[in-house]
Amino acid sequence: MAKGKVGLGRQGETLAAAALERHGFALVTRNWHCREGEVDLIARREWEWYFFEVRTRRGAASGTPEESATPRKRARMEAVACRYLGEETDDLDTPWHLGFVAVAMDAQGHLLRVTVYPDLEGEPL
């Protein structure tokens, strides 16, 4: 079981990375930072880029991971993705997506589910 909020977040990111790989994504980097903010996981699938926010919740008291995705966070994710593509890639015309991985655990820290949303507006895999 993860200790504290940071440990829970890292555990969630590890579970999310494994789920992405099972769904055919190639992990490029974790926790990429710039002045606009940070993105938890950057991955590729075929020729497209994916920028994932990972939200991990333990127990029902704090709501579902999906409920924690706010319009403000989406705007920051978009700014970070644009910065990454501008600084780290040569092809700005490559399709890219903002995604979300929801990791839910029970109150004791046992995994209930890992749900991957390749697009914030779309259906889960």
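How many helices and strands make up the secondary structure of the protein? There are two helices and five strands. Helices (H or I, at least four residues) and strands (E, at least two) are DSSP runs, numbered from the N terminus. Along the sequence they follow the pattern α-β-β-β-α-β-β. The radius of gyration, taken over C-alpha atoms, is 14 Å, close to the 14 Å of the globule rule for 125 residues, so the protein is as compact as a globular protein of that length. That rule is 2.2 Å times the number of residues to the power 0.38.

This is a predicted model: local features need pLDDT of at least 70, side-chain atom pairs count only at pLDDT 80 or more, and totals for chains, interfaces and linings use all residues. Residues are numbered from 1 along each chain as its sequence is written, and side-chain values use heavy atoms, with hydrogens and water left out.

Now look inside. Of the 125 residues, 42% count as buried, meaning under 20% relative accessible area (1.4 Å probe, protein chains only). The largest nonpolar core has 15 residues. Such a core is a set of buried Ala, Val, Leu, Ile, Met, Phe, Trp, Tyr and Cys residues joined through side-chain atoms within 4.5 Å. Leu20, Phe25, Leu41, Phe52, Val54, Val101 and Val116 have the most contacts inside this core. At least two core residues come from each of helix H1 (4-22), strand E2 (37-45), strand E3 (48-58) and strand E4 (96-105). H1 gives the most, with five residues.

How values were computed. Buried means under 20% relative accessible area, exposed over 50%, partly exposed in between (1.4 Å probe, protein chains only).
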